[in-house]
Amino acid sequence: MGDLASFYERMFFIRRFEETLLDLFSLGKLVGTTHTYIGQEANAVGLIDHLEPERDVIFSNHRCHGHYLAFTDDAFGLLCEVMGKAPGVCGGKGGSQHLCKGNFYSNGVLGSIVPVATGIALAEKRKRTGAVSTVFLGDGTLGEGVTYESLNIASLWQLPVLFVVENNHYAQSTPVELELAGSIAARGAAFGIETEELDTTDVEEIHESAGRAIARVRETGAPLFLVLNTYRFSPHSKSDDQRDPAEIEERRAVDPLLVAGARLDEHERRAIEARSEQRLAETVEAADEAPAATPGVAA
Amino acid sequence: MTTTAQPQRGVQALNEALHAIFAARDDVVLLGEDVLDPYGGAFKVTAGLSDAYPDRVLTTPISEASLFGVAAGMALRGQRPIVEIMFGDFVALGLDQVVNGISKFREMYDDQVTVPLVVRTPMGARRGYGPTHSQSLEKLLLGVPNICVVACSECHDVGALLTAAVDDERPVFFVENKLLYGRPLRRPEDGHVGELAVRESGAPYPALSFSGTGFAEDTATIVTYGGMLPLVLDAATELILEHEIFCEVIALSQLVPMELEAVLESVARTGALVTAEEGTLTGGLGAEIAARVQAAAWGELRAPVQRVAARDGIIPSARALEDEMLPSVQDVVDAVHALGGDSA
């Protein structure tokens, strides 16, 4: 179990990793697309601290870098993957939103991943591993019908799935008010699934609640629907942001890094940040020097 | 297979194979709608299975899109799911999972995973089920890389095909023609089905080649699969008896990835090819076969490849309308005549 300093370090690293990706795009070192996790770091770090990478399974979505880093700590493999380098975790074949390492998977079609995570839970239950299958959804995913089929199946068969809805209030450019009717939490409850909702960017609060939720799934073998209300500061992908800057500025007051950082000793915080910057710089340098993925050549 | 006095029907062979597969491997789980006993599935292919293996046969909500994904998740984690989709038409509900998940995971994750699942589903018409319960949609899967599509005919060892599908590390879509369920299987005996000589390729999903002349004097090749085989064999018989035209008939069982060695070998002898399928014409298997054979054997063909298929439209419910829509024996005979030359 991590403490506040380690949470801060992981969150800070994710923040700077994602900002660096956007910089690398500007420099022309990245192609394609990416969906950064800037602003939502407390969710991944607080929750995934409770998962066991050797046993538990994560299925993540297009906005998967934060989840990946929190679960695997494999910054080099991820950066190489996004940069199309041979040592990328999927040899450059997957890119930003199609990752796989150990018990971590991600895929880029919203909703598509939800039944797969449900099937993973069914397999793990049959194998009696005690694993929790965590799947990350967003408010946008709740527009996909297959999500509800999976909620029904997970509840009906009492499968150990933790459905995490990170409601960042925007589906790409569309505000949640224009894409979603009714209550998010009620969607889980309607299927007879135990539901919890948090409205915070405080990593310690998220850590505590997520710990209870994960323990509950592990203990009962039944699903749980966890709604984390959050906000992303970054655009949906790269430069596609038409939100009111004043709205974003207002949310910066509860930036998870500010909230957690304020509780740390100033010197400790600066030391963590310096260490992270150093590690990130080394990762970028190594990835930059790594060979490009080329047909027929293994890393 | 044991020889019995009564020829085995398709549904019995598939059912026996499922029981044998369940006995042999405890990582196999079957999921589908209405598959539990005493009902045993809409076409009774799973009869007795849930009584024998109550923990391994799961009746599911009517959620095809999710079922494909659930099976994919199970396969990623070391289980061998078999999904029964009640009507092949409903594969359309799961296509996102096929196109964006099942077929992609292995390659896009750089071979770190496999997705060994089997989707069994009945396709085909001629039972009056109408536009949404009669289609042959395997062509929708034809253009999806990294999957395997297998179709069984009444002359194939359908149990062996299903067993091979479950043992396959790839995702396999296993097409069972509806008419096959009730028809007696006609496995080759002493290299013959009736008066036709039969050769079987050695592949895990073999192609069967039929000839009335011992593969010596045939002047056209007709390639088909699945439920179209009896119709094409009837056409071949009519061509012999009424027109003195001898054709080789090839029944593929592996449709995807497309393996045409038997067809090319036959065309090298006959110099002409007809494709016959029950699905609609445009963008069908015949189109792909024609493109490949014409590229590989242009110099050996005396005429363009002819395609026989359903018209590009719906499959009506009323019998006479359905018959008019679907390929007929006469269509196959006409296609062979259209080749001209030695076979006209």
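This is a predicted model: local features need pLDDT of at least 70, side-chain atom pairs count only at pLDDT 80 or more; totals for chains, interfaces and linings use all residues.

Trainee: In which sense do β5 and β6 of chain B pair, and over how many bridges?

Mentor: Strands of a sheet pair through backbone hydrogen bonds, either parallel or antiparallel. Here the sense is parallel, over 5 bridges. Within this region, B:C152 stands opposite B:E176 in β6(B).

Trainee: What is the order of the strands in the open sheet of chain B?

Mentor: The order is β2-β1-β3-β4-β6-β5-β12, 7 strands with mixed pairing. At the edges are β2 (57-59) and β12 of chain B, each of which pairs on one side only. On average, neighbouring strands of this sheet are turned by 25° against each other, direction ignored.

Trainee: Let us turn to a helix. Which residues of α11(B) are buried, and which are exposed?

Mentor: An α-helix has 3.6 residues a turn, so residues three or four places apart point the same way. Helix α11 (residues 285-297) of chain B has 13 residues and reaches 18 Å from its first C-alpha to its last, close to the 18 Å expected. Its buried residues are B:L285, B:G286, B:I289, B:A290 and B:V293. They lie on the same side of α11(B) because they cover an arc of only 125° around the axis. B:A291 and B:A295, on the other side, are exposed.

Trainee: What covers the buried residues of α11(B)?

Mentor: The cover includes the helices α6 (138-142) and α10 (261-270) of chain B. It also includes the strands β10 (220-225), β12 (254-256), β13 (273-280) and β14 (306-310) of chain B.

Terms used: Residues are numbered from 1 along each chain as its sequence is written. Chains are lettered from A and ligands numbered from 1 in the order in which they are written. Helices (H or I, at least four residues) and strands (E, at least two) are DSSP runs, numbered from the N terminus. The expected span of a helix is 1.5 Å times one less than its number of residues. A residue is buried if 20 or more other C-beta atoms lie within 10 Å of its own, exposed if 12 or fewer, and partly exposed in between; C-beta atoms are placed from the backbone. The arc is that of the directions from the helix axis to the C-beta atoms. Two residues are in contact if their C-beta atoms, placed from the backbone, lie within 7 Å. Two strands pair if DSSP finds at least two bridges between them. Axes are lines fitted to C-alpha atoms, for helices over the stretch in contact, and angles run from 0 to 180 degrees between N-to-C directions.
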